[in-house]
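Please consult the sequence and the coordinates alongside the text.

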Amino acid sequence: MSTSTSALPPAVPHSTVEDTLALFTGVLLISVGVAFFTSAGLLTGGTAGLAFLLHYATGISFGKLFFVLNLPFYWLAWRKMGRAFTFKTFLAILLLSVLTELQSRFLQINNLQPLYAAIAGGLITGTGFLVLFRHRCSLGGVGILALYLQDRYGWRAGKVQMGVDCCIVALALFTVQPMQVLWSIVGAVALNLVLAMNHRPGRYTAV
């Protein structure tokens, strides 16, 4: 007895309006998550976290370090992920910079418990990254590498980014209090669990 399988419907590319709304939504969520982390004195992962650690260790400004650390990832994005992905990533980085600068005018957080900040901030930030990833966009750095490794080798982007983030946050033991590092690792795990569970090969194809 033969069995028939229905063909999958063709993928419909996201429109420019959909990409624009998704970029704003994802970056806005990430900026709120960052506010949770910073209000509780927690750290972040990725190239931003590494830039902060090198700034504390060397005295070189964060901006210079962040720019230099991202150069090879932008090259990777341009060569392997395409010009559209790279352009949207640049826009997302610019928007996040603006939102984080203006956010204190609209959002003020006082007396936030570190464990809650780590879990809630991680989940909010992870959801923001998920929105960006599903519209072929990232915030540079490790996010670009994670997406490339998933597309090229099938490695889950969430697991790749989780491993890198936890290593970077662990290095902070040399500069900040151990409990801050512990809560920061909890936040990194919460963030990347969202990606590991929801952004995997075969579950969703971004076009």
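At roughly what angle do the axes of helix α1 (residues 16-39) and α5 cross? They cross at roughly 160°, and the axes come within 8 Å. The sections below place this crossing in the context of the chain, which is a predicted model.

## Overall architecture

The secondary structure comprises eight helices and zero strands. Read from the N terminus, the order of elements is α-α-α-α-α-α-α-α.

The chain has 207 residues, and 41% of them are buried. Among contacts with a sequence separation of 6 or more, 77% are between residues 24 or more positions apart.

## Packing of α1 against α5

Two packed helices are described by the angle between their axes and the distance between the axes. The crossing of α1 with α5 is at roughly 160°. Because angles over 145 degrees count as roughly antiparallel, α1 is roughly antiparallel to α5.

The crossing of α1 past α5 is left-handed. The residues of this contact divide into 17 nonpolar and seven polar, with no charged residue.

## Packing of α6 against α7

Helix α6 (residues 142-153) and helix α7 (residues 157-171) form another helix pair, with axes that come within 8 Å and cross at roughly 140°. Since roughly antiparallel requires an angle over 145 degrees, α6 and α7 are oblique to each other. In this pair, α6 passes α7 in a right-handed crossing.

On the α6 side, Val 142, Gly 143, Ala 146, Leu 147, Leu 149 and Gln 150 take part, and they meet Ala 157, Val 160, Gln 161 and Val 164 of α7. The residues of this contact comprise seven nonpolar, three polar and no charged.

Is Leu 147 buried or exposed? Leu 147, a residue of helix α6, has a relative accessible area of 2% and is therefore buried. Leu 147 and Ala 77 are 70 residues apart in sequence, while their C-alpha atoms are 9.5 Å apart in space.

Thr 86 belongs to helix α4 (residues 83-102). With a relative accessible area of 4%, Thr 86 is buried. A polar atom of the Thr 86 side chain lies 2.9 Å from the backbone oxygen of Gly 82. Not counting residues up to four places away in sequence, Thr 86 touches Ala 77 and Trp 78.

Lys 88 is also placed in helix α4. Its relative accessible area is 16%, so Lys 88 counts as buried, the cut-off being under 20%. Which residues does Lys 88 contact, leaving aside its neighbours within four places in sequence? They are Asp 19, Leu 23, His 135, Arg 136 and Cys 137.

## The loop between α4 and α5

Gln 113 lies in the loop between α4 and α5 (114-133). The relative accessibility of Gln 113 is 44%, and this residue therefore counts as partly exposed. Where does the side chain of Gln 113 reach at 2.8 Å? It reaches the backbone nitrogen of Leu 115. A polar atom of the Gln 113 side chain also lies 2.9 Å from the backbone nitrogen of Tyr 116. Gln 113 and Phe 36 are 77 residues apart in sequence, and the C-alpha to C-alpha distance between them is 9.6 Å.

Asn 111 is placed in the loop between α4 and α5. Asn 111 has a positive phi of about 55° although it is not a glycine. Its relative accessible area of 82% makes Asn 111 exposed.

## The loop between α5 and α6

Arg 136 is found in the loop between α5 and α6. The phi of Arg 136 is positive, at about 55°, although this residue is not a glycine. Arg 136 has a relative accessible area of 23% and is partly exposed. Arg 136 is one of the residues in contact with Lys 88, which lies in helix α4.

Technical notes: Residues numbered from 1 in each chain as written. Predicted model: local features only at pLDDT ≥ 70, side-chain atom pairs only at ≥ 80, totals over all residues. Heavy atoms only, no water. Helix = DSSP H or I, 4+ residues; strand = E, 2+ residues; numbered from the N terminus. Buried < 20%, exposed > 50% of the residue type's maximum accessible area, 1.4 Å probe, protein only. Polar contact = N/O pair within 3.5 Å; in protein donor to acceptor, adjacent residues only side chain to side chain. Contact = heavy atoms within 4.5 Å. Axes fitted to C-alpha atoms, helices over the stretch in contact; angles between N-to-C directions. Parallel < 35°, antiparallel > 145°, perpendicular 65-115°, else oblique. Left-handed = near helix turned anticlockwise from the far one by under 90°. Nonpolar A, V, L, I, M, F, W, Y, C, P; charged D, E, K, R; others polar.
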